[in-house]
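Dear colleague,

I am passing on to you the structure below, together with some notes on what was found in it. Please read the notes with the structure open beside them.

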Amino acid sequence: MAHGKGTGKQSGTKMVVWGILGLLIIGLGGFGTANFGGGVTRVARVGDEDITPTAYANALQSQIRAIESQTGQDITVQQALSFGLSQQVLGQLLDQAALDNETAKIGISVGDDAVRRELLAMDAFKGFDGTFSTETYKDMLARNNLDGKTFEAGLRKDAARAILTGALATGITMPPSYGQVVVDWLGERRTISVATLTVADLETGTPIASDADIQAWYDAHPDAYTAPEARKVTYAWLTPAMLTDEVELDETALRKLYNDNITSYVQPERRLVERLVFGSEDDAKAAAERITAGETSFEDEVTTRGLDLIDVDMGDVSADDLSSAAATAVFALEGTGVVGPVMSDLGPALYRVNGTLAGTEISFEEARDDLAVEMAADAAARLIADQIETFDNDLAGGMTLEDLAEATQMELGTMDWTPESEGGIAAYTAFKDVVATLSPDDYPAIMELGDGGVFAMRLDAIVPSAVRPLDEVSDQVSADWERDAISTLLTTRAEALETDVAAGTPITELGLESESFEAITRQGNIASMPAGFIDAVFAPGLTLGGTTLIPGQGRVIIAKIDKVDAPAKTDENSAIADGYITSAAQGAAQDVIAAFSNALRLRDGVTVNEPALNAVHSQIQ
């Protein structure tokens, strides 16, 4: 975050600084969410600056959530530790502590006005009118286990640290050559002529594998025909889908389910709306008159108030989402435009309508079939849940899976399971997780499936990995041999033709299908060519007049470099150069700050309380 209103250069420097240091504990997305009592006050220290258990826990949890958001998978603390995430987080906090320790030593600080400006600028604490709200501020801090004094002290430290790191990063630039090198590489243009050699162009025709060829290929490539280890299992299972035909549906209950979820079926007309609230009706009327006269626009009025459009955006709203007066005005408007002033829940306001979303209605009769499926599945799942204890007791009493299937509604099945198995019970994650680690000594027990079903199974045998008999895979072996033989013939023929092209024969005279691509760059994509075509024709060492072969998709491409041009002088290429120069300068600034932080850590000394770290890890499991 920025601290105060600085120049554009200062803001850019701060963005770099925050990116490097990974200041994870000031974003309110987890700040203050962990509390650690007891006598332990720090997990680490640099000089006189402590890293508290709470700060470390919040930073670690924030990083874990960020990775979960990116991957879509839950991550445990133990997994985070094994990934080295804890060390990364601790390293960032140690860098931050080293800088804070240094700012305290050399007396860098900021006044109350700077902290106040920073606080008032934070979007998290703004109310509906886009200005700082004391109530929102207090509520947000309370929900994150913080008090104003602690939070504002953190802002003061941030601002002081920004002054120090900003001074380190200021003035670091890179010469224009940094950007030009990238543009020269990305923007170089080549004209390429190509000829395509296919099986149809071979004088020998398509090769056919003999029995001896098949046997030799099979013997030479055993890994390609090796079956994975298989686990022979017997299982009994029951899913809601197996019982839905037995569930009696109640029409009254179906209609209640429809009414309980009516918003899924009946959507009123909605409008895309922005709202600008004024302190008085006179101010609102004056703004409306300026807009009507064409002196200003709605955007101008928003900007004049020191707001951005996102601050006044209400999204898509129905009439029920607005005050009575606002709803009447907004929904009476045909098309788009500005209406008002009218009284809103927050005071007199102008509303801009940017679009209309038509209402929709799905009747009970139209939704009934889907509701019936949902209700039947839910009822069947409850029937299964009511029987889990009985199933478990039956197995504990000595029933086999076969007995259980005979005496209940559970269905018996067997399979030779491998990691490639799919469909049926093998499609369930719960089944796959269990069968992969099942041992012959494991006692069958009832386990739940993700859809409300249950299953139990036993491991009957493990079939070791082995090469499949030739008679089972002969068709695959034959196809593999023929594919390789065709590739060899195509490559041999293409190499001979490439020699002719290199000696001066035009590609158009090879007797093959040919074409030319003009001014392509490394960022280009030619869908008709095999994967890797662009990389091949821009390969290091391949210059004007050079040739290359690109195999793929049952063919071989013979390519020749006919022309090489410098990058075009465009705004896009200029932007690429400027962007790379900026990126390189930021990277250098990061290196400078990292080196400075490391030097501070070495000079002032670092202590790490491993027991305290372990205690934090155990408490946030």
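Which residues of the largest nonpolar core touch the most other members? In this predicted model, that core holds 26 residues, and those that touch the most other members are V43, I51, Y56 and L60. Several elements contribute to the core, with β1 (44–46), α2 (53–71), α3 (77–82), α4 (85–106) and α23 (610–619) each supplying at least two residues, while the largest share, eight residues, comes from α4. If you look at I51 and set aside its neighbours within four places in sequence, you will find it in contact with T41, R42, V43, A44, Y56, L93, L94 and A97. There is also a second, separate core, which has 16 residues, among them M529, A536, L542 and I550.

The other feature to look at is a sheet. Four strands form an open sheet in the order β8-β7-β10-β9, with antiparallel pairing. Because β8 (313–317) and β9 (337–344) stand at the edges and have a single partner strand each, one side of each is left without a neighbour in the sheet. On average, and with direction ignored, neighbouring strands here are turned by 30° against each other. Strands β7 (residues 270–277) and β10 (residues 347–357) run antiparallel and are joined by eight bridges; R270, for example, has L357 in β10 as its bridge partner.

Two helices pack on this sheet: α13 (residues 281–292) touches β9 and β10, and its direction makes about 40° with that of β10, whereas α16 (residues 324–332) touches β7, β8, β9 and β10, and its direction makes about 170° with that of β9.

With best wishes

Conventions. Residues are numbered from 1 along each chain as its sequence is written. This is a predicted model: local features need pLDDT of at least 70, side-chain atom pairs count only at pLDDT 80 or more; totals for chains, interfaces and linings use all residues. Side-chain values use heavy atoms; hydrogens and water are left out. Two strands pair if DSSP finds at least two bridges between them. Axes are lines fitted to C-alpha atoms, for helices over the stretch in contact, and angles run from 0 to 180 degrees between N-to-C directions. Contact means heavy atoms within 4.5 Å. A nonpolar core is a set of buried Ala, Val, Leu, Ile, Met, Phe, Trp, Tyr and Cys residues joined through side-chain atoms within 4.5 Å. Buried means under 20% relative accessible area, exposed over 50%, partly exposed in between (1.4 Å probe, protein chains only).
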